[in-house]
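These are my notebook entries on a structure that I looked up.

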Amino acid sequence: MSGNMNITLKVWRQKNKDDRGRFETYPVQGVSPDMSFLEMFDVLNERLINEGKEPVAFDHDCREGICGMCSMYINGRPHGPLQGVTTCQLHMRSFKTNDTIVVEPWRAKAFPVIKDLAVDRSSFDRIMSAGGFISVNTGNAQDANATPIGKEDADTAFAAAMCIGCGACVAACKNASAMLFVSAKISQFALLPQGQPERKSRVSKMVAQMDAEGFGSCTNTGACEAECPKGISLSNIARMNRDYINAQFTSQQM
Amino acid sequence: MSWFSKMLGSSIGQKLIMGVTGLFLISFLVVHCGINALIFMNDGGQTFNKGAEFMGTNWLIRTMEIVLFAGLLLHIIKGYSLTRQNLNKRPVEYAVSAANKNSKWYSRSMGLLGTLLLIFLIIHLKHFWITSRFTDQITGGHITLYEEMKIIFSELWVVVLYMLSMISLGYHLLHGFQSAFQTLGLNHKRYTPLIKNTGVIFSILFPLLFALMPLVMYLGIIK
Amino acid sequence: MTSAKLDARIPEGQLEQKWTKYRSTVPLVNPANKRSLEIIIVGSGLAGASAASSLAELGYKVKVFCFQDSPRRAHSIAAQGGINAAKNYQNDGDSTYRLFYDTIKGGDYRAREANVYRLAEVSANIIDQCVAQGVPFAREYGGMLDNRSFGGTQVKRTFYAAGQTGQQLLLGAYSALQRQVGLGQVEMFTRHEMLDIVNIDGKCRGIIARDLITGKLERHFGHAVLLCSGGYGNVFYLSTNAMGSNVTAAWKAHKRGAFFGNPCYTQIHPTCIPVSGDHQSKLTLMSESLRNDGRIWVPKRKEDAEAIRSGKLNPNDLKEDDRDYFLERRYPAFGNLVPRDVASRAAKERCDAGFGVNQTGEAVYLDFAYNTKFKYGKKEATKLGISNPTEEQLNTLGKAVIKEQYGNLFDMYQQITGVNPYENPMMIYPAVHYTMGGLWVDYNLMTTVPGLYALGEANFSDHGANRLGASALMQGLADGYFVVPYTIGAYLSNEIRTKPIDTNHEAFVAAENEAKARLEKLMGIKGTKSVDHFHKRLGKIMWDKCGMARNAEGLKTAIAEIQTLKAEFWKEVRVPGELNEFNPELEKAGRVADFIELGELMCQDALNRNESCGGHFREEYQTEEGEALRDDVNFNYVAAWEYISESNWQLNKETLNYENIKIAQRSYK
């Protein structure tokens, strides 16, 4: 074994969506500070398998902080104690030996648990289907440099577009609100000339879908921004509010 | 008006109601505090009573009073319904929460702070508004509003209650002031710091002025 | 010379005219008929998502399958550096021909001319399309698109969005896909894994998929099936691929008749974060764009390397004269921007010779100190009018520029290693990154099974033996947006009379039963070792004997070892949990079983190819200076392997004809 840290994990175990679920405690020995948090789970799972037990199910894929698949609510915070970091990029050097770490799944009505720490985030996809796009068929495009876009707008749009759709904002929010996620996509398009034709219908449809999915409303606590691994700004929510109000008052549709 | 009610029913629309009514109530606080601060003239309530009389008889103010109550009721009812709705959005609570690491406790406790304020408000209305509007104590010329204040603020528990309530008000405003602007979509790199700072000053200054009133009367600093 | 079984269907005519002419003559399907034609797409990365949205826009009924919880998570998202396009926005002499030429040369003359030219042709359309979708590429102050340069080229043609280009491109394609989902044109199946294809009367007619949440097997019919399931770098266990990236879809297709092209061509990326311990589950890439400003070096003297390894010497204290900037020394024309295969081998050569700089001796430095001070610091100082800046000032000014350009990559490096790369040179080492090999396809991107297509990294692709940086994104999107929507007409125009086949057809039932039997077998072994145990062992065999450098003896040993490993796997693996539930271990088991079989074929292919080219380096075949030595007389072909039976493949050759480019020894000196 490569390390000398000893960790006690309290992990949420839940067989399926209908199971009530409970915490299980697992000591993990020989943890290296260079391990990622998920690699520590690999070590735990390897041991559980060797003991004939069922390993902990958790979502993960790229393990480099960009796919947004990993979740985990660690010691009361989504993606753990560091800022600007997903669970897969959290390393054990951020903990001390003999620490007890409590790991729970994202909890929200709109994110039902599938098994253990894996949750269903398909509500995000449905919000995107409602309006998170620019309606341009393949082949319709003009030359890419035909419309200049100021660097400031391009950079701000990019900052919003960096959202990885992990759902930490929902997990962190006391109201399980998805407004940071939704507003990031709305902002990206609202800041670009390409996004203007559908600007009003987009915000109306995406907000309606967000509400229908069972996310809560925003009370501006700022927890989402603080926990977002990509630093998506609250100003996006303000922009969405502004666009939404504007769209409702000025839309030609009855 | 279907689009309008639909908008107000959406998550953003409901926030909008909270924000707009909140800002309206803030504007009321300014007027209320301004008139009441006349007691600090320390002229035996002469100026204050004039102000009070104006407020009690001017038709515009009396009309606004109805709007004010409507706004207040809307703020309270919407606040409760939103809080209840939001509680349902997380059917299973987290076992461990480190919410203090990502947000301020008072921003998460607006419902609680608001409830404390509501209790205070009922007592406060009973103390002054009911007395001045629904009895002839003041309108009949038996006592002035200033004298009524002196009577009410002669009891220690009342003074303590008022002061504690003003602490609630301070925290409620500390989040609510800047939050209302955010809800209305007024967020800009250049101006948001100004709004936030104004909010902080406002939420300290006005509750402090209000809190001083019962205190100075109880201590007899103002006669 | 080309095997009779292979028909690349390359259109006649001049290179420059082939695609234009073919596009205008390929049979069409009228809109009314498109509505009744169903297409299945497996994978939702750049190739899958772009193909799905484009085909749905045309009116086809599309079903998309991905194993992740959302199509947005496909591993294309992790591509960092950029996407090439022959736009010539920089006025530096770029052209379609130049991009074509660079790609063929970069691929060490082992790619198909016609395909590559088409790729270069449509590259410009991709940028237009993505910008129209709202992809926020980096821009200059005037509002025009910015470019950077990449390895293996001498022009600036790479479009980028900070270090997250793949993410932005994928989110663009994903949004187009979700739009079609909303419109009802695409039916999306997330958390589904394809376990087999179904062939009826010699044509591919559907797939068997497993719902990963319930464990249920499903049958889906399609008039055509598109595999956009990515590459197979995870056969090495440690790679820059996502944990879930797998070969299963392609491998099942291979076993049902699709030939596998050039499986041994593996790209080893030179700039990855070195392995830190045996707990390591994956390797992280540091974008090639870093080589624009990072200089790669090791100490000149072994004593210094030893002192650095033992921690006695701080690399910052080593004098300039004592450093060996080996890429600049060996390849003065391209310097640190030589293609990936060349850079990787050079790093390995230095480390093998004892000059490695981390504890395991398997790392070289990527140092930004010089360019921080003297490239950017000086420029900033000049801008500010500071005439005699101190080194300290230069450093501060330059660091701000470096931060702006590479901030997220530097943060990521620090997060993983715990070392601050602004103060210390980065340590890097090559790692498996991309697989040029894949299912053999013709000009239409159709495999040897009629009706079955392969797009993106899943096909044997346009990259020959080595892929240039920023070309994978280009190829994935070209295939999906601009190639397959046209070429699929050649097949589907003959299918308009084919009614949807009932999934109770015996071929569907048989395929499902086979898939079920295999899953039950895996569950039933109840051995003593975890799936990862076998995966790690396979990875070690592959890395040691079929990795950056290969030789005949090693490959033969590897084949024997893999066969033993396979037997052991099917006797000893333990898959916990149940069949009909969410069971990640069962998913892994199926994938590793396929990787083991693939590993054997890769070694076969590497053993067969008695030459060195691009990502395939046979130690027996090198020049005196240690460069790859091709054999154009005997190996100028695509090796397309046909599955016969277990551990038994037949080699079919597609000879490569170079009509427009003169084959030469690749030189970056």
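**Conventions.** I recorded that this is a predicted model, in which local features need pLDDT of at least 70, side-chain atom pairs count only at pLDDT 80 or more, and totals for chains, interfaces and linings use all residues. Residues are numbered from 1 along each chain as its sequence is written, while chains are lettered from A and ligands numbered from 1 in the order in which they are written.

**Chain B.** I counted ten helices and zero strands in chain B; helices (H or I, at least four residues) and strands (E, at least two) are DSSP runs, numbered from the N terminus. Along the principal axes, the C-alpha atoms of chain B fill a box of roughly 55 × 45 × 40 Å. Of the 223 residues in chain B, 30% are buried (20 or more other C-beta atoms within 10 Å of the residue's own, with C-beta atoms placed from the backbone). I then looked up contacts (two residues whose C-beta atoms, placed from the backbone, lie within 7 Å). Among contacts in chain B between residues at least 6 apart in sequence, 76% join residues at least 24 apart.

**Helix α16 of chain C.** I found that this helix covers residues 552–572, which is 21 residues. From its first C-alpha to its last, α16(C) reaches 30 Å, close to the 30 Å expected at 1.5 Å a residue (1.5 Å times one less than the number of residues). The buried residues of α16(C) include C:G554, C:L555, C:I559 and C:F569. I noted that the buried residues of α16(C) pack against α15 (531–546) and α17 (584–608) of chain C.

**Chain A domains.** I looked up domain 1 (5–114) and domain 2 (122–250) of chain A, with bounds from an automatic or database domain assignment. Their centres, taken over C-alpha atoms, are separated by 29 Å. In contact across the two are 18 residues of domain 1 of chain A and 16 residues of domain 2 of chain A.

**Chain C against chain A.** I found 66 residues of chain C in contact with 66 residues of chain A. The elements of chain C that give two or more residues to this side include α3 (46–58), α12 (391–417) and α17. With nine residues, α6(C) gives the most to the side of chain C that touches chain A.

How values were computed: Buried ≥ 20, exposed ≤ 12 C-beta atoms within 10 Å, placed from the backbone.
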